[in-house]
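Work through the exercises below with the structure in view. Each task is followed by a solution in steps.

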Amino acid sequence: MTLDLDAYTARIGWDGERRPTADVLRSVHRAHLTGIPFENLEPLLGSAPSLAVPDLEAKLVRGGRGGYCYEQNTLLAAALTALGFRVTLLAARVVLGAAPGDIRPRTHMALRVEVPGEPVPYLADVGFGAVGALLEPVPLTAGAQVRDAPRHHRLVRVESEGPLETWELHAEHRGAWEPQYAFTLEPFEAPDFLVINWHIATNPASPFFRTLYAQRTLPGRHLSLAGRTLTATADDGTVEERRLAGPQEVARVLRTAFGLRLPPDLDLPE
């Protein structure tokens, strides 16, 4: 089964011309990121979410749900492929928040997207659950920058002991560049992410297994929920944070502020 492109574009509120151009890539990317929230409810329910396109369509497109990186970027890859782009899956190490010398595993999915007639491919990623996530794709060339207002990103090459070039995505934060994740251009296949997805969703040591996370980018602000802590970051960098009272308020915020249709068997911790 291929993706129902009509249903997908309706879900993200996009009605552009269906051609594989750089402008289409940018507008679809932004519409997807702002249209489908990030969330990890499936691991909290005790299972790894399916990455099969029919299941992603049922959940994220028709079911009023969101998902985390493997779901979001697999869905975007299916949509871009249907639009005529060539997409390669990449695996990245999240470096945001890592201590010096800390080497994390490759647990994040990103996309390399080729645009017909364009001299260089793009890095696309609608599944990075952070305020520093890309709103629009960035050209995959050293030093490339994209002012995906209100955000600002760049790609740099960094030193590596391996045989492959290592890249880092940086986001501007309060006037300084903040690394988000590192990756090589080695192609990964869908079965690779089935293994990574199962590990992240079911390993008791994984933060996604034990803590609720949700993200949504709205006009003028970005919302983040980690456990019971709700953070709103305005486009000018102003941050407001508050602690939600309990499971009922968390569920209400997920439905209203994040726009999620919650599963009936969701049992949020006290």
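**Exercise 1.** Find the residue that forms a salt bridge with Glu17, and say how far apart the closest N and O atoms are.

Solution. In this predicted model, the partner of Glu17 is Arg19, and the closest N and O atoms are 3.0 Å apart. A salt bridge requires a distance within 4 Å, so the pair qualifies.

**Exercise 2.** Classify Glu17 and Arg19 as buried, partly exposed or exposed.

Solution. Step one: exposed means over 50% relative accessible area, and buried means under 20%. Step two: Glu17 has a relative accessible area of 51%, so Glu17 is exposed. Step three: Arg19 has 43% relative accessibility, and therefore counts as partly exposed.

**Exercise 3.** Which side chain meets Glu42 in a salt bridge?

Solution. The side chain is that of Lys59, with an N to O distance of 3.1 Å. This pair links distant parts of the chain: Glu42 lies in helix H3 (residues 41-44) and Lys59 in helix H4 (residues 53-61), 17 residues apart. Both Glu42 and Lys59 are buried.

**Exercise 4.** Describe the salt bridge between Glu114 and Arg112, and classify Glu114 by accessibility.

Solution. The closest N and O atoms of Glu114 and Arg112 are 2.8 Å apart. Glu114 has 27% relative accessibility, which means that Glu114 counts as partly exposed.

**Exercise 5.** How many salt bridges does the structure hold?

Solution. The count is 17.

Key
Residues are numbered from 1 along each chain as its sequence is written. This is a predicted model: local features need pLDDT of at least 70, side-chain atom pairs count only at pLDDT 80 or more; totals for chains, interfaces and linings use all residues. Side-chain values use heavy atoms; hydrogens and water are left out. Buried means under 20% relative accessible area, exposed over 50%, partly exposed in between (1.4 Å probe, protein chains only). Helices (H or I, at least four residues) and strands (E, at least two) are DSSP runs, numbered from the N terminus.
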